[in-house]
Amino acid sequence: MKVLAINGSPREGGNTDHIIRLALAPLEEAGVETEIIRIGGKGIKACTACMQCFKNRNGACVQGGDILNETVAKFSQVDGIVLGSPTWFASVSGDMKSFMDRAGFVAQANGAPLKRKPGAAVTAVRRGGAISCLDTMNHWLHYMQTYQVGSTYWNMVYGREPGEAENDAEGLKTMKNLGANFLVLLQALAPRA
Ligand SMILES: Cc1cc2nc3c(=O)[nH]c(=O)nc-3n(C[C@H](O)[C@H](O)[C@H](O)COP(=O)(O)O)c2cc1C
């Protein structure tokens, strides 16, 4: 089994990266393969509403030259997905929004490859706006027809500068609990021989 995590922060080793790793830890401990792809800061383009993905239905966005298509291609190969974004102006990062817009339509046009797989969203936040940031990612996960995984006090951790998330003990517990909940659903949905 494999779980893919998408990091919408441009900061390598930032708080979003850290909390994604915490949520993935219980999965890894149980032998689940994980992969984190940071799409933040990689020049991901915005959707142009050309709708070519619905005409071509070839699993790709016609805008090449960024990491969108190779990332979407992994949707059908994984058993679950985690979206992580820093809270920016009470929403997701611009890169995460561009990713969700384009990946969402390409996936929808090509058989909904995340359908009936577990999905979870997490956010790193300095002070406020985390709930609406989570809502934005959860709406995408709903549209992808994932089964969403929660935790206590929602999937957020407080911190501003890289490393500060480590000071939010309750947030860290929330991430570990999320990972444990994700594992239960992943195992329950796993095809049996
Ligand atoms: C453009 C921008 C907008 C931000 N907007 C918010 C916000 O609305 N609310 C908040 O609490 N923190 C906000 N922050 C702070 C980040 O959420 C916080 O630093 C977070 O830990 C960053 O995660 P990262 O290390 O993964 O990039 C903002 C930061 C940036 C750069």
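Tutor: A definition to begin: two strands pair if DSSP finds at least two bridges between them. Keep in mind that this is a predicted model.

Student: OK. In strand 6, which residue is the bridge partner of A124?

Tutor: V157 in strand 6 is the partner of A124. Strand 6 covers residues 156-158 and runs parallel to strand 4, with three bridges joining the two.

Student: How many bridges join strand 4 to strand 5?

Tutor: Two. Strand 5 is residues 147-148, and this pair is parallel too. P118 sits opposite Y147 there.

Student: And strand 3, how does strand 4 pair with that?

Tutor: In the parallel sense, over six bridges. Strand 3 is residues 80-86.

Student: What does the chain go through from strand 3 to strand 4?

Tutor: Helix 4, residues 94-109.

Student: Is strand 4 buried or exposed?

Tutor: Buried. Eight of its eight residues count as buried, so strand 4 is largely enclosed by the rest of the structure. The cut-off is 20 or more other C-beta atoms within 10 Å of a residue's own.

Student: Which residues of strand 4 point which way?

Tutor: P118, A120, V122 and A124 point one way. G119, A121, T123 and V125 point the other way. Both sets are buried. In a regular strand, side chains alternate between the two faces of the sheet.

Student: Switching to the ligand. Which residues come nearest?

Tutor: S9, G14, T16, P86 and R126, out of 19 residues around the ligand. Helix 1 (15-29) and strand 4 (118-125) are the elements that give two or more residues to that shell.

Student: Now zoom out. How many helices and strands does the protein have?

Tutor: Six helices and six strands. From the N terminus the order is β-α-β-α-α-β-α-β-α-β-β-α.

Student: Why call it as compact as a globular protein of that length?

Tutor: Because its radius of gyration is 16 Å, close to the 16 Å that the globule rule gives for 193 residues. The C-alpha trace spans about 50 × 45 × 25 Å along its principal axes.

Student: What share of the residues counts as buried?

Tutor: 46% of the 193. As for contacts with a separation of 6 or more, residues 24 or more positions apart account for 78% of them.

Notes
Residues numbered from 1 in each chain as written. Predicted model: local features only at pLDDT ≥ 70, side-chain atom pairs only at ≥ 80, totals over all residues. Near = placed C-beta within 6 Å. Helix = DSSP H or I, 4+ residues; strand = E, 2+ residues; numbered from the N terminus. Rg over C-alpha atoms; globule rule 2.2 N^0.38 Å. Buried ≥ 20, exposed ≤ 12 C-beta atoms within 10 Å, placed from the backbone. Contact = placed C-beta atoms within 7 Å. Right-handed = clockwise from strand over helix to strand, strands pointing away.
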